[in-house]
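Dear colleague,

Please find the structure below, together with its sequence. My notes on the sheet and the helices follow it.

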Amino acid sequence: MSLEVRGLHAGYGRLAVLHGIDLSAGDGELVAVIGANGAGKTTLLRALSGLLPVTAGTVHLTGTDVTGYGPEKLARTGLAHVPENRLVFPSLSVADNLVLGGYTRRRGPAAARTEARDRAMALFPRLEPRLEQAAGTLSGGEQQMLAIARGLMAQPRVLVLDEPSVGLAPRLVGEIFSALGQLRDDGLTLVVVEQNARAAFAVADRVSVMDRGRVVLEGDPAALSTDPRVSGGFLGGGFAADADADADVAPAAEAPGGTPVAPRSGSGATRATERPCWAAWKATTSAAPISRAALTVTSSGSPGPSPTPYSRPVT
């Protein structure tokens, strides 16, 4: 198992955000983490990469207990974090951003660093003619490509990404997720936090759904994409209990392809079904399914044949 998280608790000072997270990702597996805003997804990645202290629980990376490791030590051990909003160094060139991405490997073999850079350029060919260009002058999609390429320069065993599609046009989202699928097929383990569910489901091997600092549902993306509880979670309806309840609710029946989750009832469920966007989502469920083939990218780096790959539900 490349990444194994058990009973993880973390937060900001006295504010607890994560409450006993269990998460795992096998070798060459892409796990998508989805959930409403404020569910704790970004906090989870920050705790995994050492940016936040873990207050309880354990994190194992390729069999090594890395609980409590700082960011640099985790990067040397094999975990790289691609943050939300890209956060490239805007005044530095694309090439210098890549060099900094491989900082923890600076004492390793030069051939390994060259191989990592060649791999990144093959994955994102539009970056190669821009190596001497200031990163801040790139488009948003190109900056996201650079952020992922910079993470790959650390030669990670596990790559975690926070909202890689945020702010991007649909065609660029297709390129980014096609690249993530290729990395997975090449054997890299990925944990991807994403709110674009249809894009994430098209490449994910497993999906974990978070709500209020807990993993409340997990399973196969094909099954979860048709589960109304997943849709309700994206619309802010919540999973664990009615919005007015303070106490924990006992788990109910098992979801298709997933683990037990507490029922949504009362006023919370009513509010979810009354939202116009809920009705719009339901109206799309009978459309033709989307497949991974819709995310293919040609050798020139342009998207495959489907110009709007996320207009249909994922199966």
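Two strands are taken to pair if DSSP finds at least two bridges between them. Helices (H or I, at least four residues) and strands (E, at least two) are DSSP runs, numbered from the N terminus. The model is predicted, so local features need pLDDT of at least 70 and side-chain atom pairs count only at pLDDT 80 or more, while totals for chains, interfaces and linings use all residues. Residues are numbered from 1 along each chain as its sequence is written, and side-chain values use heavy atoms, with hydrogens and water left out.

Strand 1 (residues 3-12) pairs with strand 2 in the antiparallel sense over 8 bridges; V5 has L23 in strand 2 as its bridge partner. The open sheet has 4 strands in the order 2-1-4-5, with antiparallel pairing. Its edge strands, each pairing on one side only, are strand 2 (15-25) and strand 5 (64-65).

Helix 1 (residues 41-48) lies across strand 1, strand 2 and strand 4 (54-61), and runs at about 110° to strand 1. Axes are lines fitted to C-alpha atoms, for helices over the stretch in contact (heavy atoms within 4.5 Å), and angles run from 0 to 180 degrees between N-to-C directions.

The axes of helix 5 (residues 140-152) and helix 6 (residues 170-185) come within 10 Å and cross at roughly 15°. These two helices are therefore roughly parallel to each other (angles under 35 degrees). In their contact, G141, Q144, M145, I148 and L152 of helix 5 meet L172, E175, I176, L180 and L183 of helix 6.

With kind regards

Terms used
Angles under 35 degrees count as roughly parallel, over 145 as roughly antiparallel, 65 to 115 as roughly perpendicular and the rest as oblique.
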